[in-house]
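Here is a short briefing on one protein chain. Have the coordinates open as you read.

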Amino acid sequence: MRRFRSHYAVLALLVVAAACGSKNDEPPNCDGVELLVAASDYSQNSGTICGAPAGPITTSIELGSDPALALSNGRAFYLARDKDLLFELDPACATPIAPPTSVGDLAPAPVSGAKRTADPQDAAAAPDGTVWVPLWATPCIAVLRDGAAECAIDTSSYDADGNPQAASIRIVDVGGSAKAFVALDRLDDSKLTPNDVYASSTQSAQMLRIDVTTRTVEAVIDLAGRDPFNAMAEYAGALFLAEPRSFDAADEDLAGIERFDTQTGATALLVTERAIGASVAEVAVTDHCGAAIVAGPEHAVNPTSLITFDPDTGEIVTGIDAPLLATDDYTLQGLAWRGNTLYVGDRRDAQGGYIVHVFERDPGTCNIQLSTRAITLPQKPIALRPAQYP
């Protein structure tokens with residue numbers, strides 16, 4: 001297990017303030033921060049953490065090129081997936097507040113000169129102060145405490161190929177006890193070729209329910225859809241999963257938006273891919289309104305659109321026939337609610353910056369309108385989370 005590393009002192013010096021993306025010599029100012037942003041153009045060491053619209057920006061080689069963000073039980077985390085590192089962030093400001101913790105030593109020794117990687121995908125904070133991290137490339141759910149990581153749950157038995165690809169996690173209260181819910185992709189690694197980006201989804205995805213106190217897997221539940229993608233959304237005792245299966249098809253069975261009841265374990269596709277007419281990439285849910293970024297089936301293009309749905313009934317409110325926002329390729333990325341405001345990241349170049357579109361809704365409804373304002377970022381957005389205040 002790897003302990004805190006000395007690079008944190010360097011990283012802290014690269015936190016700068018003012019409008020998100022600009023740099024000056026003033027101390028970081030978190031007033032007016034609405035969003036925590038993880039951004040990258042996927043080139044080497046291009047990862048960026050940003051408080052938007054008026055907060056600090058953090059850059060460092062430690063942030064890698066393939067980031068993710070997690071917000072859990074009042075704590076915020078940046079995952080440098082290609083670096084096998086997790087940073088805890090100030091949830092109100094997006095600045096790192098502790099040295100990074102590595103999960104890299106939990107990965108098996110590489111073979112044939114391949115890069116050793118654990119590939120952390122998500123993070124959830126437990127009531128006991130630990131942080132739970134599902135590893136996608138290593139059959140393990142890591143638990144982090146005081147800068148050290150251990151493989152608390154061996155997941156190798158949940159897929160015949162030895163790795164079920166743990167994709168996302170939420171820790172919620174069930175009957176007065178903390179339970180971790182972990183979505184498993186269970187992809188077929190034997191179908192992966194050197195030219196493939198993803199292995200095939202040929203078997204049911206699953207949800208593990210784990211008691212946090214005893215670290216015991218209490219249930220293994222088959223999901224209705226396949227290939228859970230990106231983080232789960234949580235609302236009214238349920239988890240909502242984006243399940244695209246294949247982005248090159250828009251009429252598949254076993255794909256769409258799944259609703260999983262954390263109290264009963266009952267689960268079903270709330271909105272099917274056939275009803276949407278596109279593959280679901282990201283989901284964000286608030287009271288009486290869900291939003292989703294969906295992608296069309298054109299290979300290597302997959303144009304993205306923003307739709308809305310009713311999280312209680314599954315009714316599509318605004319569909320792809322008249323989407324709230326649409327692009328010509330896969331450029332919408334990053335989706336978050338904060339109160340009655342919806343934020344949508346856009347990776348298209350907009351005069352030297354990148355836009356987060358802002359939508360406002362009538363409270364308690366799914367009536368959403370594009371705001372006259374937008375947020376400009378210095379780097380292409382990948383993940384958005386709402387800023388939290390004490």
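The torsion about the S-S bond of Cys30 and Cys93 is about -70 degrees, so this disulfide is left-handed. A disulfide here is a pair of cysteine sulfur atoms within 2.5 Å. The model is predicted: local features need pLDDT of at least 70, side-chain atom pairs count only at pLDDT 80 or more, and totals for chains, interfaces and linings use all residues. Residues are numbered from 1 along each chain as its sequence is written, and side-chain values use heavy atoms, with hydrogens and water left out.

**Confidence**

- The chain has a mean pLDDT of 90, where pLDDT is the predictor's confidence in each residue, from 0 to 100.
- A pLDDT of 70 or more is reached by 88% of the residues.
- Over residues 1-19, pLDDT stays under 50.
- For that stretch the model has 59 contacts beyond four places in sequence; contact means heavy atoms within 4.5 Å.

**Disulfides**

- Three disulfides turn up in a search of the whole structure.
- A disulfide is a covalent bond between the sulfur atoms of two cysteines.
- In the pair Cys30 and Cys93, the sulfur atoms are 1.6 Å apart.
- Cys30 sits in the loop between strand E1 (15-16) and strand E2 (35-39), and Cys93 in the loop between strand E7 (85-89) and strand E8 (101-102), so the pair ties together parts 63 residues apart in sequence.
- Helices (H or I, at least four residues) and strands (E, at least two) are DSSP runs, numbered from the N terminus.
- Cys30 is partly exposed, at 25% relative accessible area, while Cys93 is buried at 1%.
- Buried means under 20% relative accessible area, exposed over 50%, and partly exposed in between (1.4 Å probe, protein chains only).
- Cys140 and Cys151 form a disulfide with sulfur atoms 2.3 Å apart.
- That pair links distant parts of the chain, 11 residues apart: Cys140 in strand E11 (residues 140-145) and Cys151 in strand E12 (residues 148-154).
- Cys140 is buried, with 1% relative accessibility, whereas Cys151 is partly exposed, with 37%.
- Cys289 and Cys366 form a disulfide with sulfur atoms 2.0 Å apart.
- The S-S torsion of Cys289 and Cys366 is about 60 degrees, so this disulfide is right-handed.
- Cys289 belongs to strand E22 (residues 289-295) and Cys366 to the loop between strand E28 (353-361) and strand E29 (368-377), so the pair ties together parts 77 residues apart in sequence.
- Cys289 is buried, at 0% relative accessible area, and Cys366 is buried at 14%.

**Aromatic rings**

- The structure holds five aromatic pairs.
- Rings of Phe, Tyr and Trp (its six-membered ring) pair if their centres lie within 6.5 Å; planes under 30 degrees apart count as stacked, over 60 as edge-to-face and the rest as tilted.
- One of the pairs is Tyr78 with Phe87, edge-to-face, at 5.9 Å centre to centre and 75 degrees between the planes.
- Tyr78 and Phe87 are both buried.
- Another pair, Tyr235 with Phe240, is tilted, at 6.3 Å centre to centre and 35 degrees between the planes.
- Tyr235 and Phe240 are both buried.
- Phe229, Phe247 and Tyr330 are linked into a cluster by ring pairs.
- Arg361 lies over the face of Trp337, 5.5 Å from the ring centre.
- A charge sits over a ring if NZ of Lys or CZ of Arg is within 6 Å of the ring centre and within 35 degrees of the ring normal.

**Surroundings of Asp346**

- Asp346 lies in strand E27 (residues 341-350) and is buried, with a relative accessible area of 3%.
- The side chains of Asp346 and His357 are joined by a polar contact of 2.8 Å.
- A polar contact is a pair of N or O atoms within 3.5 Å; within protein, one must be able to donate a hydrogen and the other to accept it, and residues adjacent in sequence count only if both atoms are side-chain atoms.
- Leaving aside neighbours within four places in sequence, Asp346 is in contact with residues including Thr327, Leu332, Tyr354 and Pro381.

**Backbone**

- Most residues other than glycine have a negative phi, and most peptide bonds are trans.
- Ala52 and Pro53 are joined by a cis peptide bond, with omega about 5 degrees.
- Pro53 lies in the loop between strand E3 (48-52) and strand E4 (57-59).
- Asn45 has a positive phi, near 55 degrees, and is placed in the loop between E2 and E3.
- Asn230 also has a positive phi, near 65 degrees, and is found in strand E17 (residues 229-235).
- Asn45 is partly exposed at 27% relative accessible area, and Asn230 is partly exposed at 36%.
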